Amino acid sequence: MIHEVEKLSLKLKHHNKPVLSIAASPNYIWSSGEDYALTCYDRRAKKLLKRIRMERISSSISFTEPYLWVAGYDGYIKCFNNEMKIVSKFETGHSQPILDMAHNMGATATACKDGGSRCFLQTFIL
């Protein structure tokens, strides 16, 4: 199957330092950056919906309806609802920053700067 790729229809500039991670759904685009910001852009309204400053850099984000999962340099994974409020927080046990994360509703896997990776099965109950 061949998919046609749309031409560039949107160029966002919501960070003042490099963007580290991006996630998208049909209605929203989220991004995190070295400026400690986590942003949510509303694709329907064509505007920045929310920008929050995190305590630590968020290095990886993942969206699984209806939650945004955010992994950061603090070793935690945080779960946000549609209003970008934290509804869950999970300590991973990593001793250094989380560099990447993959998430679905059955498992979450993390990769850490210390060379380690971890997989958590059904750990998030909301």
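Here is a short chat about a predicted model.

Visitor: What kind of model is this, and how are residues numbered?
Guide: It is predicted: local features need pLDDT of at least 70, side-chain atom pairs count only at pLDDT 80 or more, and totals for chains, interfaces and linings use all residues. Residues are numbered from 1 along each chain as its sequence is written, and side-chain values use heavy atoms, without hydrogens and water.

Visitor: Where is serine 21?
Guide: Serine 21 is in strand β1, residues 19-24. Strands are DSSP runs of E, at least two residues, numbered from the N terminus.

Visitor: Buried or exposed?
Guide: Serine 21 is buried, because its relative accessible area is 12%. Buried means under 20%, exposed over 50%, partly exposed in between (1.4 Å probe, protein chains only).

Visitor: What does its side chain reach?
Guide: The serine 21 side chain reaches the backbone nitrogen of isoleucine 61 at 2.9 Å.

Visitor: New topic. What is the strand order in the open sheet?
Guide: The order is β5-β6-β7-β8, with antiparallel pairing. Two strands pair if DSSP finds at least two bridges between them. The edge strands are β5 (58-64) and β8 (86-91).

Visitor: How many bridges join β5 and β6?
Guide: Six bridges, in the antiparallel sense. Phenylalanine 63 stands opposite leucine 68 in β6.

Visitor: And how many disulfides?
Guide: Zero in the whole structure. A disulfide here is a pair of cysteine sulfur atoms within 2.5 Å.

Visitor: Cysteine 79: buried or exposed?
Guide: Cysteine 79 counts as buried, because its relative accessibility is 1%. Cysteine 119 counts as exposed, at 52%.

Technical notes:
Helices (H or I, at least four residues) and strands (E, at least two) are DSSP runs, numbered from the N terminus. A polar contact is a pair of N or O atoms within 3.5 Å; within protein, one must be able to donate a hydrogen and the other to accept it, and residues adjacent in sequence count only if both atoms are side-chain atoms.
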